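Here is a short briefing for a first look. Please keep the sequence and the model side by side.

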Amino acid sequence: MSDSKICDLLLTGGTVVTVDEQRRIFNPGAVAVTDDRIVAVGGADDFLDWEATRTIDTTGMVVLPGFVDTHQHLFQYLMRGLGEGMELWPWLSEFIWPFADAIQREDAVVGAKLGAIEAAHSGVTAVLDHHYAPTDIATTLGVAGAIEEVGLRGAVARGMMGNVTDIARRHNLAGEIFRYSTDQELAMTRECIEARPVGSHVGIWPAPVNVIYVEQDLMRRSVELAHEAGTGWHTHCSEAKTDPIYYLDEYGVRPVNWLHREGLLGEGATLAHGIFFDDSEIEQVGDSRTGIAYCPISHQYIGLGVMRLRDLRGAGATVGLGLDGGSGHRLDMFSCMKQAVLLQRVHAQETTVSNGEEAIEMATREGASYLGVEAGFLAPGRLADMAVVRLSGVHHTPMHRVVAAVVYSASPADVAYTIVGGRIILEDGECTLIDEEAVFAEANERSNQLVKLAGFESLLEPWRMDPRTQHAGR
Ligand SMILES: [Zn+2]
């Protein structure tokens, strides 16, 4: 009498990095899935008597929890490659805002599809898309639908500007993007949440664009709405050195101290960047277990600064990794993990400040906790969200340590399967649910039109001469 076990999907033969409580690694290991959940994880030998509707031989591969991208602006991938060498506030006022004014619903939707496809190629299974252009109800829901069409889970954090503030006015940020009043913004977000309530594959979160330059009233009421609807909420906070200075000047308080004073931190609170926090802000974010999106590539690309990773994680904050839209150029979780470590090391001038294990934790279990999804580690009962990565090829030879291979050697080209809730959304390096070529063609066409509409032709200059280095004869 056989006591064989039955499941829908069995991944067996590869190295299984669980990122569970004990950080167990099984080599060779196996993961069994039924419906959208993991039902068993362990050594491959324990699964010899299992029967599965589909078995995938993962020999030579690593099975990981799917990556979570905790801060994205998918629409910005339509402007990939542009905006080089600009500082943050001019990058916003002269590049991103004019682009945000020009972009239409169909553009945003195809931009989201493009980004979601790239995410799937990168082993990302869940994304928090901070979407802020355009933000009418149909576009916001269209972007959520686009992410879902590719097969990812997550949330569209609907970016809100509300009534224009003095800070925005003083820094040339008070453009067309402030098109809805605070009341209108909140009503529209509420309607979007009703259309995609908690439990949706891709939900909607309230997301004032930036705590520094939106109204305090919008911040307070956004958090109220999130608590009422049972969603998380999101905003940018203290990414530029000047952010807390402007805020102090205007309100006489540092931004996180204010959020803390108002009781807005904690459950469901997620802040992107958090680079310029003082000790009291680190403590408040840590004590309340607030989520922080660490975006090391955009921090370097825009020359912002280095997040206090050690202090934040030490204090108890939930820190995930984010790719942050166009300022990363490439939606690549592997380079994000690598840069997350290297940036800390060069800043501290010390090697032990971070490591590959920490990078994988942030990209998986911490990110899932930040986003409130029951994934992030491989254990029975968890959602079957997984990335399966090939560890073959010259850059993986010889393969001594799987953690180092994933963080320092691997790239999206190595991702063989991306699985969300037991459904294979990427197989043999191709998305299974969407016609990639059709999306690329439409994205190219719409992006070219947008460059003209936004008046960005000057940004297309193929080689930008730098008078500081172009000496005669060099
Ligand atoms: Zn951002």
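Predicted model: local features only at pLDDT ≥ 70, side-chain atom pairs only at ≥ 80, totals over all residues.

Residues are numbered from 1 along each chain as its sequence is written, and side-chain values use heavy atoms, with hydrogens and water left out.

**Zinc site**
- His71 (NE2), His73 (NE2), His236 (NE2) and Asp324 (OD) are the protein donors of the zinc ion, 2.1 to 2.2 Å from it.
- Donors are N, O and S atoms within 2.8 Å of the metal (3.2 Å for Na, K and Ca); water is not among the atoms, so sites may look incomplete.
- Along the chain, the donor spacing reads H-x1-H-x162-H-x87-D.
- Histidine 73 sits in the loop between strand E8 (67-72) and helix H1 (88-102), and histidine 236 in strand E12 (residues 233-237), so the pair ties together parts 163 residues apart in sequence.
- Helices (H or I, at least four residues) and strands (E, at least two) are DSSP runs, numbered from the N terminus.

**Burial**
- Histidine 73 is buried, at 1% relative accessible area.
- Histidine 236 is also buried, at 6% relative accessibility.
- Buried means under 20% relative accessible area, exposed over 50%, and partly exposed in between (1.4 Å probe, protein chains only).

**Lining of the largest cavity**
- H1 contributes the most to this lining, with 4 residues.
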